[in-house]
Amino acid sequence: MKNRAWLFLLPALAFMAVSAIIPLVTVINYSQNYIFAGSMPTFVGLENFVEVLQDPQFLGSIGRQFIFTFLVLLIEVPLGIIIALAMPKKGNWVPLNLVLLGIPLLIPYNVVGIIWRLFTQSDVGIVPAAFNGLNYAYNVTLNSGDAFFTILTVDVWHWTPLLILLSYAGLQAIPNAYYRAAAIDGASKWSTFKYVTLPKLRTVLTIGILLRFMDSFKIYSEPLLLTGGGPGTATTFLSLFISRKAESYELGYASAASLIYFFIVLVMSYIFFQFISRVGRGVHDEG
Amino acid sequence: MMKDKKDKRIGATILLIIYFTILIFPIYWMVNTSLKYDEEILSSMTFFPREITFKNYEQIFTSELWMESFANSLIYVFMNVAITIVVSVPAAYAFSRWNFRGDKHLFFWLITNRMAPAVIFMIPFTQLYNNLGLFDTHIGVSIAHLLFNIPLAIWILEGFMSGIPKEIDETAFVDGYPFHKFFFKIFLPLVKQGIGVAAFLCFTFSWVELILAKTLTITDAKPVVVTLTVGIGAEGVKWGLLAAAGVLTIVPGALVVYFVRNYLAKGFALGRV
């Protein structure tokens, strides 16, 4: 049986070796060399890592990335729950709501970029026109704050539906008897939400938060298409920063930065993975 | 009490109407723009095209560059989905049915690849592909995308397969079914919903992926997502054309959703999507 398991895994592992292990080994190798624009690599040990960790631009992009991801979760999770609670539980409107929510999720990232670029262009966009009406000179290519919050708005627009759908699925799974029991006990609306609804949503919310954490942490296409990382470095998030370094052939530096990036993702994934499997078990024990 | 409840319902409905209007408006604006002449797009902001034109769509369908880009995307996406499903089904079966040394660790390692930012793999893929002659080829891009799609497919399929009781396997073997016959005739039909969900997600991922597709292609395998980004930034952006191309890139995803719509509901219920 044991040998058969490995036989079944072999094709998948063979492909993963080509597309995951070989590249990772290459990155580790590069990260310890000084390589610039096709010159012969020189071994420099951990020097690249020291350079990366002392580079204010790299540290700045990490900080920006954490702030962005934190804001994404802070807005999308409560908004997702509120809209899910407002949706009708049954009836003719349910399928329409679900279809509308599904549409943004289907749109390729780069098309999302184009839609919002159409929206925010200073000459033809509707957003600058609307802000002008409010006497505010919105300009996504000149004002850092405008650029940052535009990217944030795009992410909230694109991905809140995922959290709504997950929360809605979670809400549907709560038996009505729970609410009736809470009403008989004279619980207020807030405490019903806090002690009945929220704990039951924990599993779906953990999955939603995990997916949103991972994907917003590697945001790339939206700033590339919408702001090009600017103005200045206002929307140069981690993926964009490293890809710029790689495109300018600073391979040693980019490799070291990539590994630090991967390490952060790995640690976060491990924590989330442990948390999810514990929550999963907890739910299993109850039911 | 009744009045209170009715007020609440009205409040919720108003909230939903506002939210859905904001949600759909950007998409409407893209469709709206794609049906306008460039002069109208640049001169004024109109909520309906003054004169509907299909000129932008016509330009895409008669342009070799755009049509080739769409074809390139479809070719490597289908290659990727085919390879992913063929290798992930047996692997997921092994994870769901047998305990072996290190299986938990192997599973976690696989998932971490799904979570890894693509940008990390940009440099090594370029070097590796130059050496192997895979640079700017369809099969090259599809293999690069396996990095994310195999873990995702195994993750989803393992969930579906673990939902099928092991007794089904055992009964079949007791009845004297050879393994391959059991696997293809009995087991696979039971998990076809899972295969549908996995194929859909792999399709959308490979279709929208930009970093690796952009890095690993120049001309021969250049996908539509890259052609779209090149169209921006050049002097005199053709907004109508870009909007039309944007509308067209949503079509394949919408078609796939239409075909797997029943499977998706179940995938969602499993909480793995």
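# Chain B: helices, domains and interface

Visitor: Is the crossing of α4(B) and α7(B) left-handed or right-handed?
Guide: The crossing of α4(B) and α7(B) is right-handed. A crossing counts as left-handed if the near helix is turned anticlockwise from the far one by less than a right angle, and as right-handed if clockwise. Helices are DSSP runs (H or I, at least four residues; strands are E, at least two), numbered from the N terminus.

Visitor: What am I looking at, and how is it numbered?
Guide: This is a predicted model, where local features need pLDDT of at least 70, side-chain atom pairs count only at pLDDT 80 or more, and totals for chains, interfaces and linings use all residues. Residues are numbered from 1 along each chain as its sequence is written, while chains are lettered from A and ligands numbered from 1 in the order in which they are written.

Visitor: Back to that pair. At what angle do α4 and α7 of chain B pack?
Guide: About 40 degrees, with the axes 6 Å apart. Helix α4 of chain B spans residues 64-97, and helix α7 of chain B spans 138-162. Axes are lines fitted to C-alpha atoms, for helices over the stretch in contact; angles run from 0 to 180 degrees between N-to-C directions.

Visitor: How many helices and strands are in chain B?
Guide: Chain B has 13 helices and zero strands.

Visitor: Which domains does chain B have?
Guide: Domain 1 is 2-34 and domain 2 is 63-269. The bounds come from an automatic or database domain assignment. The C-alpha centres of these two domains of chain B lie 34 Å apart. Their contact takes four residues from domain 1 and six from domain 2. Contact means C-beta atoms, placed from the backbone, within 7 Å.

Visitor: New topic. How many residues of chain B and chain A are in the contact?
Guide: 64 from chain B and 62 from chain A. Helix α1 (residues 2-34) of chain B gives the largest share of the chain B side, 12 residues.

Visitor: What classes are on the chain B side?
Guide: 54 nonpolar, 10 polar and no charged residues. Ala, Val, Leu, Ile, Met, Phe, Trp, Tyr, Cys and Pro count as nonpolar, Asp, Glu, Lys and Arg as charged, and the others, Gly among them, as polar.

Visitor: What radius of gyration does chain B have?
Guide: 24 Å, whereas a compact globule of 273 residues would be near 19 Å. The radius is taken over C-alpha atoms, and the globule rule is 2.2 Å times the number of residues to the power 0.38. The C-alpha atoms fill a box of roughly 75 × 75 × 30 Å along the principal axes.

Note on methods. Two residues are in contact if their C-beta atoms, placed from the backbone, lie within 7 Å.
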